[in-house]
There are 4 protein chains.
Amino acid sequence: MIRFNNDYNRGAMRCVLDAIESAGSDSFAGYGEDERCERARETIRGAVGVPDADVHFFPGATQANFVVISSMLTSVQSVISADTGHINCHEAASVENTGHKIIELPNVDGKLTAAQIRACAAEYYLGGEPEYLTEPKAVYISFPTESGTLYSLRELREISEVCREFGMYLFVDGARMGYGLGAERNDIALADFAKYSDVFYIGGTKCGALFGEALVIVSNSLKRRFKAHMKQSGAVLAKGFLLGIQFSALLESGEYFTLCRRADEQAMLIKNAFEKKGIKMRSQSYTNQQFAILSDAQKATLARDFIFEESGTCDGGTVVRFCTSWATSDDEVKALVDAVGRL
Amino acid sequence: MIRFNNDYNRGAMRCVLDAIESAGSDSFAGYGEDERCERARETIRGAVGVPDADVHFFPGATQANFVVISSMLTSVQSVISADTGHINCHEAASVENTGHKIIELPNVDGKLTAAQIRACAAEYYLGGEPEYLTEPKAVYISFPTESGTLYSLRELREISEVCREFGMYLFVDGARMGYGLGAERNDIALADFAKYSDVFYIGGTKCGALFGEALVIVSNSLKRRFKAHMKQSGAVLAKGFLLGIQFSALLESGEYFTLCRRADEQAMLIKNAFEKKGIKMRSQSYTNQQFAILSDAQKATLARDFIFEESGTCDGGTVVRFCTSWATSDDEVKALVDAVGRL
Amino acid sequence: MIRFNNDYNRGAMRCVLDAIESAGSDSFAGYGEDERCERARETIRGAVGVPDADVHFFPGATQANFVVISSMLTSVQSVISADTGHINCHEAASVENTGHKIIELPNVDGKLTAAQIRACAAEYYLGGEPEYLTEPKAVYISFPTESGTLYSLRELREISEVCREFGMYLFVDGARMGYGLGAERNDIALADFAKYSDVFYIGGTKCGALFGEALVIVSNSLKRRFKAHMKQSGAVLAKGFLLGIQFSALLESGEYFTLCRRADEQAMLIKNAFEKKGIKMRSQSYTNQQFAILSDAQKATLARDFIFEESGTCDGGTVVRFCTSWATSDDEVKALVDAVGRL
Amino acid sequence: MIRFNNDYNRGAMRCVLDAIESAGSDSFAGYGEDERCERARETIRGAVGVPDADVHFFPGATQANFVVISSMLTSVQSVISADTGHINCHEAASVENTGHKIIELPNVDGKLTAAQIRACAAEYYLGGEPEYLTEPKAVYISFPTESGTLYSLRELREISEVCREFGMYLFVDGARMGYGLGAERNDIALADFAKYSDVFYIGGTKCGALFGEALVIVSNSLKRRFKAHMKQSGAVLAKGFLLGIQFSALLESGEYFTLCRRADEQAMLIKNAFEKKGIKMRSQSYTNQQFAILSDAQKATLARDFIFEESGTCDGGTVVRFCTSWATSDDEVKALVDAVGRL
């Protein structure tokens with residue numbers, strides 16, 4: 001059986017394992033106060049072009065999401081998200097658990113538009129800030145989205161402008177950042193996120209690390225006492241150096257970018273195979289997640305050799321996600337492409 | 001410089017690194033639903049003697065503490081802890097952040113007594129359960145404590161009896177479980193925690209793993225939907241298999257027990273060195289943490305070659321913690337013992 | 001200017017003021033533990049036909065809503081509500097502030113259907129209770145709804161059946177209960193709420209009291225320590241006797257029912273006046289709230305003599321709420337009806 | 001039986017009842033946006049000497065306490081209180097329920113000292129603001145305290161200075177403000193609270209109103225969106241005008257001050273009676289609460305004719321609280337004084 005079920009089913013890139021191995025006998029300060037984390041922070045500050053950005057390492061993405069959001073908001077403020085946003089559908093109400101409402105706006109292909117966000121913000125801010133409403137103070141988007149789709153640079157800029165117009169924070173969930181940056185149709189550079197958002201993260205767990213996400217705080221007003229927020233939610237790893245070591249390895253080797261790009265290319269082969277066969281895709285994804293709409297028979301046939309996840313229904317078929325990753329081999333892709341060809 | 005500052009300053013035991021390395025190319029189900037986690041669960045169920053215990057793996061101890069406590073309590077219930085308890089002093093009010101009061105009782109050498117707990121519970125339960133008080137529904141203790149001290153089997157049993165008398169849950173924080181079990185004066189076996197508490201964990205982060213804690217839920221009433229509580233707090237690692245692999249390696253090799261016991265023995269050498277020199281220890285610790293009360297001059301001398309942490313003042317001196325770990329070498333201990341001898 | 005802006009713009013029914021006045025020099029136990037509260041509780045138990053119901057008095061409805069909901073749910077459970085529900089739109093995210101997600105379902109005329117609720121519950125309960133979702137454990141409906149509409153007895157029974165099928169609590173917000181019971185098309189009796197829901201309240205603030213709501217807990221599993229939940233949210237009035245006195249006066253005099261029914265009848269006159277004029281109503285309300293869709297000119301004309309609230313737009317016009325109450329005089333209604341006739 | 005059990009066992013001062021009665025047929029805007037609230041606000045701004053203070057009316061004191069505290073703090077900040085503080089002992093952990101730790105400092109006669117507060121603040125602020133600690137950002141004191149004692153003007157000023165030195169908010173719970181201001185030994189004027197604290201309230205419930213507390217926000221940084229915090233906790237009364245009417249009546253008539261002062265004088269007679277009899281008082285209270293330490297026999301004798309509350313034990317006796325109020329008659333006091341004389 002070949003797994004296309006997700007992008008976190010294998011250990012870590014070679015460079016990561018080697019880096020951990022080679023640091024094995026060294027000793028470090030605790031809680032990310034060590035020189036390996038500092039080095040990774042410098043690498044990241046360079047990569048995003050913001051010398052004074054704060055960089056924090058999280059063990060996982062759900063933690064990053066709710067800690068960032070709850071640290072940005074007072075108890076009478078809320079966050080805008082697409083209804084399909086990861087925080088709204090897959091994290092067991094972790095944001096509400098911190099006391100905040102998610103204002104759900106209807107997605108188009110997993111994305112929000114600047115116009116939608118403006119309308120939502122205007123209702124509150126231009127409507128007299130009524131006391132019976134919470135204040136939409138932050139906007140949460142993902143790059144890539146849950147549907148594998150991408151914001152264009154123009155879309156990102158427009159959303160950023162709305163946020164600045166109303167004084168709202170823009171937070172970009174980059175759990176699959178590597179796959180977004182590597183996509184053929186992508187026109188956003190890593191540094192653009194530092195330019196247009198207030199805080200974002202560079203995902204490690206799904207992009208080649210054993211685990212971990214690197215959060216970049218650009219906005220000064222979000223920096224103070226952020227680590228206390230992390231600590232309070234158990235998001236400060238005792239052996240923080242493990243995260244510094246991994247991100248240094250991923251980014252300095254360049255493998256973060258090259259191996260994720262390869263996964264995107266593999267995903268395009270899979271997409272083409274489905275489309276050649278006349279099988280529709282639920283969204284126009286150019287990243288490592290492809291959502292094919294399959295008949296029961298097609299699903300059953302592919303299930304003989306491949307492991308995948310279902311993701312609801314669409315147009316009378318089942319939506320099936322095929323996910324490549326940094327670890328997917330060309331042989332695995334070929335096997336799937338051939339199987340699709342035989343459907 | 002030699003680090004005695006804590007027990008989480010180095011990577012992981014050899015057996016752990018090898019196990020991760022050797023699993024490198026395999027692929028797994030996500031979120032701890034894989035066969036490596038299941039194998040580790042079986043190993044742990046066997047080790048604690050409870051075939052139907054639920055076992056969950058956490059990335060870190062703070063998460064384990066607040067997720068367990070908040071999952072046990074309704075919003076009008078609270079948890080009893082020693083005033084020196086880790087949850088009360090070192091976790092940025094993570095328990096209060098979940099909405100619960102910690103009822104602090106004064107510690108003796110880091111410990112609580114059954115009599116203290118009974119008095120506190122009786123005030124509420126025998127006092128008519130007044131609506132203006134929260135209900136003390138859980139008791140949190142650590143083994144070993146923050147002071148390095150240990151509960152005896154009799155003490156644990158007595159506390160357990162009080163808890164059962166009043167229908168309170170007993171939760172044992174075992175972040176340093178390996179060092180507790182390995183201490184020469186310890187008379188509690190791992191299976192005793194399953195017998196006398198409702199939920200406890202076997203610490204990995206400080207005892208030889210890269211990271212991770214293995215939580216054992218014995219009480220049936222705490223099992224339902226526990227994983228949703230974890231998920232909500234971002235405590236379900238996407239690559240959960242990494243935790244299963246580590247705990248299998250630690251426990252099946254037996255190194256968890258032998259290397260922690262060695263660290264305890266090393267700590268005894270350090271303790272003896274101080275006592276021989278007439279230097280007082282703040283508590284009678286038989287585990288890997290030793291708290292010496294040093295003069296400024298003594299502190300300055302040792303600071304030339306060793307890294308350590310200060311922990312307040314006592315009897316006119318500074319309390320200094322020297323911490324051994326699974327990774328401490330005999331040479332390092334010898335260097336410290338010799339330096340103490342020269343004070 | 002005549003106020004039709006809401007149903008809480010005047011003091012209280014004569015019987016309420018007299019009762020408070022006549023108790024003026026007596027002294028009472030605090031926090032609702034007095035004989036006047038006990039008498040009101042007995043009256044209510046009789047009226048709802050449940051001798052062992054728990055009855056608690058709240059100062060206001062928002063408190064009642066979030067205290068009841070948060071007391072019913074663990075932190076991984078959520079409540080189903082119409083998207084137009086008061087808890088979802090008018091209470092500044094008070095439910096989310098207690099850590100719980102509101103699962104919004106699209107309303108029809110302010111109401112939910114049993115089929116909608118079943119589909120939502122089935123997705124979770126029959127879908128394997130996935131850990132990344134919260135458990136829908138309670139259903140919140142209002143009688144009458146925010147749109148002034150009413151559930152029929154059949155609809156209430158069907159919703160109740162779905163709730164029992166899946167083990168969910170049914171909570172009825174009765175802030176305007178008096179107006180619901182008094183409507184000409186209503187076929188639900190007060191005792192039916194005790195039969196078909198787990199907890200509901202009889203609204204006082206909008207139905208003739210100075211302030212206060214009487215909560216009836218039918219389900220035994222919701223009774224324990226409920227008053228501690230109230231206390232924790234500041235919902236136990238020190239002079240609780242004031243609430244007992246009021247509800248005794250309202251219910252024993254029968255004025256709660258007769259004066260609210262009169263307000264419904266007045267509302268029908270207003271509704272007829274609009275419809276005779278060819279002006280559309282947004283919903284088919286048979287209770288004291290009527291939502292007319294007015295042109296700007298019509299709105300401006302009526303605004304000369306009447307105070308009212310706008311409630312969004314519909315079909316190119318503005319939705320304007322005209323609200324009668326227990327205190328509305330026939331002269332006031334006549335003035336409005338005449339003015340509408342002259343539009 | 002004569003009630004000395006508390007100061008909220010009777011309706012309201014005559015001026016309050018008359019004012020409500022006389023407003024009976026008027027209609028008002030909702031939620032405190034009416035002219036009667038505005039008039040009361042102006043009266044209060046004048047009385048405290050701060051023309052731009054924000055004034056909000058709460059139904060009760062527990063609500064005021066937790067809403068103010070939670071609105072002042074981020075989730076990694078905490079509040080300092082005496083261990084005997086009302087928020088720490090009598091409100092079912094309402095502050096912790098909002099996610100915040102109360103840092104308890106040991107009281108002396110119910111009070112905190114500036115030196116204690118400085119030491120606590122310095123540990124955090126001068127100790128490097130460690131991420132594992134919450135930031136003490138607010139100080140909560142009561143005037144009078146739970147023990148009936150009073151801060152002197154000098155003590156208040158010193159506490160204020162410490163708070164300003166470290167950037168902490170000072171919040172004064174004035175649930176019994178009238179009795180504090182009226183005490184013979186008091187040297188603090190109402191306007192001093194506006195001068196030395198950031199936010200405080202003038203208690204109504206215990207000082208002659210039917211219910212309600214008037215909160216005065218002096219510090220500009222606490223004003224924004226405060227009403228949304230109130231709304232979220234159900235603390236905005238629909239018929240807010242009832243609170244405006246009451247505070248106007250209480251303060252404009254001057255009865256708030258004169259009747260509370262009379263209660264203090266009555267309390268002095270009771271105190272003298274006990275002391276003349278050689279019965280010790282637990283604290284030196286000059287306000288309406290007196291805490292006598294009685295033998296079982298004395299307690300039993302007085303219990304024949306008087307209702308009172310017990311408040312723990314002290315020096316081998318039971319602490320018994322005798323509470324006068326604005327409604328206590330001289331005959332009632334004489335009866336008690338005589339009974340004490342006969343002990």
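In which sense, parallel or antiparallel, do strand β2 of chain C and strand β8 of chain C pair, and over how many bridges?

**Entry 1: a strand pair in chain C.** I kept in mind from the start that this is a predicted model. Looking up the pairing, I found that β2(C), residues 54-58, and β8(C), residues 213-217, run in the antiparallel sense and are joined over five bridges. Within this pair I noted C:Phe57, which stands opposite C:Ala214 in β8(C).

**Entry 2: two helices in chain D.** I turned next to helix α12 (residues 255-276) and helix α14 (residues 330-341) of chain D, whose axes lie 9 Å apart and form an angle of about 10 degrees. Since angles under 35 degrees count as roughly parallel, α12(D) and α14(D) are therefore roughly parallel to each other. On the α12(D) side I listed D:Gln266, D:Leu269, D:Ile270, D:Ala273 and D:Phe274, which meet D:Asp330, D:Val333, D:Leu336, D:Val337 and D:Val340 in α14(D). Sorting the residues of this contact by kind, I recorded eight as nonpolar, one as polar and one as charged.

**Entry 3: chains A and B.** How is chain B superposed on chain A? I read that a rotation of 180 degrees, with 0.0 Å of shift along its axis, brings chain B onto chain A with an RMSD of 0.0 Å. That is the relation of a two-fold axis. I also noted that the same surface serves both copies, as 100% of the contact residues of chain B recur in chain A.

How values were computed: Residues numbered from 1 in each chain as written. Chains lettered and ligands numbered in written order. Predicted model: local features only at pLDDT ≥ 70, side-chain atom pairs only at ≥ 80, totals over all residues. Heavy atoms only, no water. Axes fitted to C-alpha atoms, helices over the stretch in contact; angles between N-to-C directions. Helix = DSSP H or I, 4+ residues; strand = E, 2+ residues; numbered from the N terminus. Parallel < 35°, antiparallel > 145°, perpendicular 65-115°, else oblique. Contact = heavy atoms within 4.5 Å. Nonpolar A, V, L, I, M, F, W, Y, C, P; charged D, E, K, R; others polar. Pairing = 2+ DSSP bridges. Least-squares fit on C-alpha atoms with pLDDT ≥ 70 in both.
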